[in-house]
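Thank you for making time for this. Please take a moment with the structure as it comes up, and then I will walk you through a few parts of it.

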Amino acid sequence: MVKRIILIRHGECHGNRNLEQFATVPDYTIELTDKGREQATEAGKKLKELVKEESMYFYISPFWRTRSTFELIAKAFPREQFDYSEEPRLREQEWGYLRTHEELKKLLQERKEYGSFYYRFPGGEAASDVYDRINDFLGSLHRDMRHPDYPQNCVLVTHSLAIRLFIMRWFHLTVEEFEAMKSPKNADLIVLEYNSETQSYDLKTPLESDAANVLRSRPIKLQ
């Protein structure tokens, strides 16, 4: 079994600092800020401390901010220690076409009130659509990991929503538990580690959550 599955959110990007970026330029082109580059470099050091000399395989969202995060992380390692590929299924949620800042703010407020898992941006995706992408990716990932020469660690460089949906899918969480999860911070490492006793993965760095959201869930009643 793969020793660890490590999820890394990209470093701070210009859209994180200024929401208007998402309304004025194509989302995939938004790049890291200077702070985000520092965060990505620091994430590389933390990853090095964790895996040491162990081998790794990186799956990278094709957005420019995730590519740049990976490039800066990779500087902490000799090239022979890892391999990588771009994985479009790990891309950010599609928010639809370019809009004014005011239009975008209105849609984000609607999503907050409706619930982010089911709310679909006009011309874009709901979180449930991204969930389907992650579910499809996991099928490919399981096939990859069955190869006898697969590296010791699997690393995903992706986005906040994709990380939360990966955790939701992997651990079979409810929609309400997903809604309660708070976003990981930029360049955070979320680590799943294999437990040989239980033959399953433990979430070593659980995400913070809002328990009140879980309490509002409607339980399933069995007859």
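This is a predicted model: local features need pLDDT of at least 70, side-chain atom pairs count only at pLDDT 80 or more; totals for chains, interfaces and linings use all residues.

Let me begin with a term: rings of Phe, Tyr and Trp, for Trp the six-membered ring, pair if their centres lie within 6.5 Å, and planes under 30 degrees apart count as stacked, over 60 as edge-to-face and the rest as tilted. With that in hand, ring pairs link Phe22, Trp95, Tyr114, Tyr119 and Phe121 into a cluster.

Residues are numbered from 1 along each chain as its sequence is written, and side-chain values use heavy atoms, with hydrogens and water left out.

Staying with the rings, the count comes to 18 aromatic pairs by this rule. The rings of tyrosine 57 and tyrosine 59 have their centres 4.9 Å apart and their planes at 50°, so this pair is tilted. Both tyrosine 57 and tyrosine 59 are buried, where buried means under 20% relative accessible area, exposed over 50%, and partly exposed in between, with a 1.4 Å probe and protein chains only. There is also a charge to look at, since the charged end of arginine 79 sits over the ring of phenylalanine 82, 4.7 Å from its centre; the rule asks for NZ of Lys or CZ of Arg within 6 Å of the ring centre and within 35 degrees of the ring normal.

Now to the strands. Helices (H or I, at least four residues) and strands (E, at least two) are DSSP runs, numbered from the N terminus. Two strands pair if DSSP finds at least two bridges between them. Six bridges join β1 to strand β4, residues 153-158, and the two run parallel, with isoleucine 6 standing opposite valine 155. With strand β5, residues 189-195, β1 pairs in the antiparallel sense over five bridges, and there the partner of isoleucine 8 is leucine 189.

Isoleucine 60 is in strand β2, residues 56-60, and has a relative accessible area of 2%; tyrosine 84, 24 residues away from isoleucine 60 in sequence, is 7.5 Å away in space, C-alpha to C-alpha. Glycine 36 lies in helix α3, residues 34-51, with a relative accessible area of 0%, and its C-alpha atom is separated by 7.9 Å from that of alanine 187, 151 residues apart along the chain.

Lastly, the pockets. On a 1 Å grid over the protein atoms alone, a pocket is an open set of points where a 1.4 Å probe fits, with protein on both sides within 12 Å along at least five of seven lines, and lining residues have an atom within 4 Å of a point. The largest pocket is lined by 23 residues, of which Trp95, Arg111, Ser116, Arg164 and Ser183 lie nearest its centre. Helices α5 (101-114) and α7 (160-170) each supply at least two residues of that lining, and the largest share, five residues, comes from α5.
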